[in-house]
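Could you walk me through this protein chain step by step?

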Amino acid sequence: KQMLISGNFLDIRFGDTPRYVQPAGIYWLQAAATLPFGGAAAPIWAYRIPSMIGALASVLLLAWFGTRVVSPNVALAAAFLLATSVGFATEAHFAKIDSMLLAVTILAQASLYYCLTSPRQNFIGWPLSFWLALAGGALLKGPVIAVVSALTAIGFVVWSRKPRTLLNLRPLMGVPVLLAIILPWLYAVNLETHGEFLKVAIGDSIGGKLAGTSDRHAGPPGYHLALLVLTFFPGIAAAGLGAAYAIINRRDQLTRFLICWIVPAWIFFELVPTKLPHYVLPLFPAIALLSAIGLRNAAALRKRALGRWLHRVAGALFLIVAAAVAVLPFYAVRKLGGEIGFAEWAACAGAVALGLAGIALWLRPSAERLVPMFAAMLLIFVALFEFIAPSLDALWASDRVAHYLKSYSGCAEIKLATAGYAEPSNLFHFGPKTLQTGGAGAAQFLAGEQTCGIAVVEDAQRAAFDAAAGAAGVSVRSLGRLTGFNYVK
């Protein structure tokens with residue numbers, strides 16, 4: 001939105017603060033998505049359109065790849081598992097990078113598979129699509145896609161003992177294509193920022209995440225594995241069979257590639273000190289495809305001790321999370337001050353149906369038994385995203401502040417400062433000049449804006465605000481009090 005307002009699509013800023021932690025690709029896509037809906041005046045949902053498109057593309061690309069390398073039935077099952085996973089569906093609803101990054105990652109990995117395994121080395125399409133996808137991913141989130149693809153390629157060729165197959169990627173053609181796409185922007189943004197972008201993006205952001213925790217997003221090794229029960233739910237019910245199939249059939253070419261897609265990058269993300277649940281999302285397509293193949297071969301796998309044991313563990317974990325999902329809507333509404341209504345009961349009914357479908361899948365695993373699970377998750381998602389979450393006013397504090405303050409008249413422009421409460425939506429509603437500060441800073445702000453200045457002061461900052469206002473002789477008037485939950489934290 002700030003890019004649309006300023007007309008500057010190179011310098012990335014959040015308010016007055018430079019934000020050089022990632023490239024500009026997602027901001028360009030989001031800005032373009034708003035153009036049919038009013039540009040800078042577009043509603044906030046317009047900025048989520050690229051995430052929706054990326055999510056749909058991811059499901060379709062996985063279905064296409066699965067159809068080519070296995071079968072249409074397995075591909076459809078894998079697409080179901082990816083589309084219904086909690087981590088994937090959540091990212092599809094946020095104005096963030098990761099669902100669009102997932103789409104280009106699937107394209108890159110599918111192209112990589114054909115480059116490393118196809119005897120048709122004269123075909124230029126697969127290496128070209130690989131490098132194009134790599135360039136797109138780099139403009140979205142820097143080196144993340146390169147890390148996943150490089151670890152996959154290295155693991156696969158070392159395991160297969162065929163290092164010369166890396167030449168099928170045609171690096172003499174691909175690297176210039178990659179550089180031709182990303183270097184013009186990289187040169188322009190560093191010219192615009194006097195070299196600060198590279199310094200911050202590489203030295204502070206990437207280096208900081210590798211060396212320590214960034215923004216207090218820490219977690220021990222095993223963090224992502226523990227969360228997989230939730231983030232890949234309900235597909236976790238089939239993941240045990242997928243893991244058993246991968247171990248038993250590790251000599252199979254496709255299975256080996258999928259293992260190399262998952263394991264090296266997973267270890268990397270577990271070892272990086274900074275952790276967030278969506279970091280391993282680029283590995284979900286491989287997990288979904290292996291799980292779908294495991295369902296196809298369930299009868300044979302359950303005859304072996306490893307298959308039976310992993311399937312039982314996965315089923316138990318699934319039922320635990322399903323029970324939590326049934327209770328969650330009621331807990332959230334009670335905790336956040338909403339009212340229990342039809343949507344909450346619908347979500348609960350969906351969770352019960354999901355649990356029963358999961359038990360049926362556990363007893364007689366097959367791809368066909370994913371259909372009732374898919375329908376149950378659809379009911380849960382509709383109830384959650386369309387009705388329950390929007391009705392919880394406590395979640396939308398910035399929207400409530402904006403609605404409240406827009407009822408005031410007499411000022412051409414309200415000047416706003418927030419003390420302690422720094423949700424980014426404040427800037428979306430009130431513009432990039434919104435001051436995000438502490439209690440004392442908000443009082444000093446009002447001293448210079450005594451006609452149209454308003455401060456939103458969090459409880460923890462109130463004492464410092466009152467003390468600074470009293471010391472500066474600023475006369476303030478209370479306009480109201482709102483109670484909410486800062487989900488950004």
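Pro 234 sits in the loop between α11 (223-231) and α12. Helices here are DSSP runs of H or I with at least four residues, strands are runs of E with at least two, and both are numbered from the N terminus. The peptide bond that joins Phe 233 to Pro 234 is cis, with omega at about 5°.

Before going on, a word about what you are looking at. This is a predicted model, in which local features need pLDDT of at least 70 and side-chain atom pairs count only at pLDDT 80 or more, while totals for chains, interfaces and linings use all residues. Residues are numbered from 1 along each chain as its sequence is written, and side-chain values use heavy atoms, with hydrogens and water left out.

Now step back to the whole chain. It has 22 helices and five strands. Its C-alpha atoms fill a box of roughly 80 × 55 × 40 Å along the principal axes. For 489 residues, a compact globule would have a radius of gyration near 23 Å, and the chain's 25 Å agrees with that. This radius is taken over C-alpha atoms, and the globule rule is 2.2 Å times the number of residues to the power 0.38. Of the 489 residues, 47% count as buried. Buried means under 20% relative accessible area, exposed means over 50%, and partly exposed lies in between (1.4 Å probe, protein chains only).

Let's visit the loop between α8 (144-160) and α9 (171-192), where Arg 161 lies. Arg 161 is not a glycine, yet its phi is positive, about 60°. With a relative accessible area of 75%, Arg 161 is exposed. Arg 170 is found in the loop between α8 and α9 too, and its phi is also positive, near 50°. Arg 170 has a relative accessible area of 25%, so it is partly exposed.

Ile 247, Leu 306, Trp 309, Val 313, Leu 317 and Ile 320 make one of about 540 Å². Patch residues have over 30% relative accessible area and no salt bridge; like charges are joined within 9 Å, and nonpolar side chains (Val, Leu, Ile, Met, Phe, Trp, Tyr) within 5 Å. A salt bridge is a side-chain nitrogen of Lys or Arg within 4 Å of a carboxyl oxygen of Asp or Glu, and accessible areas come from the Shrake-Rupley method with a 1.4 Å probe, where for residues only the protein chains shown count as cover. Helix α16 (residues 305-336) gives the largest share of the patch, five residues. Ile 247 belongs to helix α12 (residues 236-248), and its 41% relative accessibility makes it partly exposed.

Which cysteines form a disulfide? They are Cys 411 and Cys 452, with sulfur atoms 1.9 Å apart; a disulfide is a pair of cysteine sulfur atoms within 2.5 Å. This pair links distant parts of the chain, 41 residues apart: Cys 411 is in the loop between α19 (397-405) and β3 (415-419), and Cys 452 in the loop between α21 (439-448) and β5 (453-457). The torsion about the S-S bond is about -90°, so the disulfide is left-handed.

Finally, find Ala 417 in strand β3. At 0% relative accessibility, Ala 417 is buried. Beyond its neighbours within four places in sequence, Ala 417 is in contact (heavy atoms within 4.5 Å) with Leu 435, Phe 445, Ile 454, Ala 455 and Val 456.
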